[in-house]
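This report describes a single protein model in terms of its sheet, its side-chain contacts and its surface. The sequence and the coordinates are shown first.

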Amino acid sequence: RPLRPGQIFRNPRQLLTSGLETVSRQSVRFSATTAQSNVKTFEIYRWNPDKNEKPYLNSFSVDLSQCGPMVLDALLKIKNEQDSTLSFRRSCREGICGSCSMNINGTNTLACLARIDPEAVTTRIYPLPHMYVIKDLVVDLSNFFAQYKSIEPWLKRKDKDDGLEYFQTKEDRKKLDGMYECILCACCGASCPSYWWNADKYLGPA
């Protein structure tokens, strides 16, 4: 028990215990305050075609002190620990595959590259806009990839293919810079008004 003002100290263990109890209580209060301040709310678009209900926003609370810094980390934590029915695409987690494209706080981006804003009280996550939703954050990209295939985006030889390797010089390789970096995430297409209204005709900005 902590010493009262004017109380005579008689046992050395009493002082040690008193100090530890005080530090312990302060640590608990500090930890509780810190943990509470790290809890963020994520509002996620939900829709299940197998259920006869309208789309809605589902709120989840995540302790950022036990979560990675990216929005994809929070989504994985929610799916693993709170709701396993939450559906979204993801693969490489390195901004290369383009699988985790979605609308985060009004911007089309990749969840694996979008940092969680520690200042924002709520993070809102929707599927890519103007796309047919398959379930939750998963959209139908069939038309997007069909249009991409229609332009035959691959190198073609002018001469007859003899079945042998085609050697490429460094100079020829450099000519491709700026033509192949697109990761086909569909973020730009889903942001383009012309693509929204003429998706059957306009191939999109990509």
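Is Lys-77 buried or exposed? In this predicted model, Lys-77 has a relative accessible area of 13% and is therefore buried, the cut-off for that class being under 20%. The side chain of Lys-77 takes part in a salt bridge with Glu-81, in which the closest N and O atoms are 3.1 Å apart. Both residues belong to helix α2 and are separated by four residues, about one turn of the helix. Glu-81, by contrast, has a relative accessibility of 56% and counts as exposed.

## The sheet

Five strands make up an open sheet with mixed pairing, in the order β2-β1-β5-β3-β4. Its edge strands are β2 and β4 (107-110), each of which pairs on one side only. From one strand to the next, the twist averages 35°.

Strand β1 (residues 39-46) has six of its eight residues buried, so the rest of the structure largely encloses it. Strand β2 (residues 56-63) runs antiparallel to β1, and eight bridges join the two. Within this pairing, Asp-63 of β2 stands opposite Val-39. Strand β5 (residues 122-126) pairs with β1 in the parallel sense, over four bridges. Here Ile-125 in β5 is the bridge partner of Ile-44.

Strand β3 (residues 101-104) pairs with β4 in the antiparallel sense, again through four bridges. Thr-109 in β4 stands opposite Met-102.

The loop between α2 (71-81) and β3 contains Arg-90. Arg-90 counts as partly exposed, at 45% relative accessibility. The C-alpha atoms of Arg-90 and Leu-76 are 9.5 Å apart in space, while the two residues are 14 residues apart in sequence.

## Salt bridges

Side chains of opposite charge can pair when their charged atoms come close. The structure holds ten salt bridges.

| Salt bridge | N to O distance |
|---|---|
| Arg-124 and Glu-43 | 3.0 Å |
| Glu-81 and Lys-77 | 3.1 Å |
| Lys-175 and Asp-172 | 3.5 Å |

Arg-124 is partly exposed, with a relative accessible area of 38%. Glu-43, at 16% relative accessibility, counts as buried.

In the salt bridge between Lys-175 and Asp-172, Lys-175 counts as exposed at 59% relative accessibility. Asp-172 counts as partly exposed at 30%. Elsewhere, salt bridges with shared partners join Arg-46, Asp-83, Lys-135 and Asp-136 into one network.

## Aromatic pairs

How many aromatic pairs does the structure hold? There are three aromatic pairs. One of them consists of Tyr-45 and Tyr-126, whose ring centres are 6.3 Å apart and whose planes meet at 50°, so this pair is tilted. Tyr-45 in strand β1 and Tyr-126 in strand β5 are 81 residues apart, and their pair links distant parts of the chain. Tyr-45 counts as buried, at 17% relative accessibility, whereas Tyr-126 counts as partly exposed, at 32%.

Trp-196 and Trp-197 form an edge-to-face aromatic pair, with 5.8 Å from centre to centre and 85° between the planes. Trp-196 has a relative accessibility of 28% and counts as partly exposed. For Trp-197 the relative accessibility is 60%, and this residue counts as exposed.

## A nonpolar surface patch

Which residues form a nonpolar patch on the surface? The patch comprises Phe-145, Tyr-148, Ile-151 and Leu-203, which together have about 350 Å² of accessible area. Leu-203 is placed in the segment after α5 (193-197). With a relative accessible area of 43%, Leu-203 is partly exposed.

## Summary

Methods
Residues are numbered from 1 along each chain as its sequence is written. This is a predicted model: local features need pLDDT of at least 70, side-chain atom pairs count only at pLDDT 80 or more; totals for chains, interfaces and linings use all residues. Side-chain values use heavy atoms; hydrogens and water are left out. Buried means under 20% relative accessible area, exposed over 50%, partly exposed in between (1.4 Å probe, protein chains only). Two strands pair if DSSP finds at least two bridges between them. Patches are made of residues with over 30% relative accessible area and no salt bridge: like charges are joined within 9 Å, nonpolar side chains (Val, Leu, Ile, Met, Phe, Trp, Tyr) within 5 Å. Accessible areas come from the Shrake-Rupley method with a 1.4 Å probe; for residues, only the protein chains shown count as cover. A salt bridge is a side-chain nitrogen of Lys or Arg within 4 Å of a carboxyl oxygen of Asp or Glu. Rings of Phe, Tyr and Trp (its six-membered ring) pair if their centres lie within 6.5 Å; planes under 30 degrees apart count as stacked, over 60 as edge-to-face and the rest as tilted. Axes are lines fitted to C-alpha atoms, for helices over the stretch in contact, and angles run from 0 to 180 degrees between N-to-C directions.
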